[in-house]
Amino acid sequence: MMALCFALILLLIWLLRPLAVLIHEMGHALPALILTKEIVEIQIGKPDVVELGGQELDSQQLEAGLPAQKAGRLRWAFSFRSSLQGFTGYDRESLSRKALLGVIAGGPFLSLMACGIGAWLTMDVCEQLLGKLVATTFLCVNLIVLIRSIVPVTLGNGDPSDGLDFWRTWRQAD
C-alpha cells in the first residue's frame, strides 16, 4: 500500500508541476496583457525544443510544422520536459516602473493564492485519502514554485528570479 501511495505521489508531482508553473506564469501574463498592447508569450518546460513522436523539433521546425497555440494576444508553448521552468515574455520597455513591479509580483502572488487553495483543500475539504494526496501534492508543488521564484538569485540560465528582478526594478530610479 505504501509503495502504491508513493508511486501515486510521484505521478501527481509529474502531472501537477506544470500546472503550478502555468498558474505562476499566468500571474505574470494577466497583468502584462492588461497593461501592454503587445503579444504576451508563456513558455512552460524546456524552451525551443518539443519532442514529437520521439524526434526533437527545434523552433524553426515547430513554426513550419505545428499550428501556433494562441488566444488573442496570448501565445504559449508547453512541454512536460523540465516543467519546473517557466517564462513569460512581454514588452517590459512600455511599462512604468510601478506597472512592471506589478507584473513581476503577479507570478508569486498567484502561486501564493494557489498555496492557500491547496492548504484549504488539504485541511478542510478533502476527507478521502486520494483527495488529500492530490490536495497536498498541489500545495507542495505550488509552494516549491513560490519559493523558487521569490528567493533573489540568478537562475541557471542567467535570468534573475522574480525576487531578484523585483528588487532590481524597485531600486531603479524613474
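Here are some notes on the fold, the sheet and the core of this predicted model.

1. Ground rules first: in this predicted model, local features need pLDDT of at least 70 and side-chain atom pairs count only at pLDDT 80 or more, while totals for chains, interfaces and linings use all residues. Residues are numbered from 1 along each chain as its sequence is written, and side-chain values use heavy atoms, with hydrogens and water left out.

2. The protein has five helices and six strands, in the sequence pattern α-β-β-β-α-β-β-β-α-α-α. Both are DSSP runs numbered from the N terminus: helices are H or I with at least four residues, strands are E with at least two.

3. Four strands form an open sheet in the order E4-E5-E1-E6, with mixed pairing (strands pair if DSSP finds at least two bridges between them). E4 (70-71) and E6 (86-89) each have a single partner strand, so one side of each lacks a neighbour in the sheet. E1 and E6 run antiparallel over four bridges, and Ile-44 sits opposite Gly-86 in E6.

4. Now the core: its largest nonpolar version has 24 residues, and Val-40, Leu-74, Tyr-90 and Leu-95 touch the most other members. Such a core is a set of buried Ala, Val, Leu, Ile, Met, Phe, Trp, Tyr and Cys residues joined through side-chain atoms within 4.5 Å, where buried means under 20% relative accessible area with a 1.4 Å probe, protein chains only. H1 gives the most, nine residues.

5. Overall, buried residues make up 34% of the 174.

Definitions and conventions: Buried < 20%, exposed > 50% of the residue type's maximum accessible area, 1.4 Å probe, protein only.
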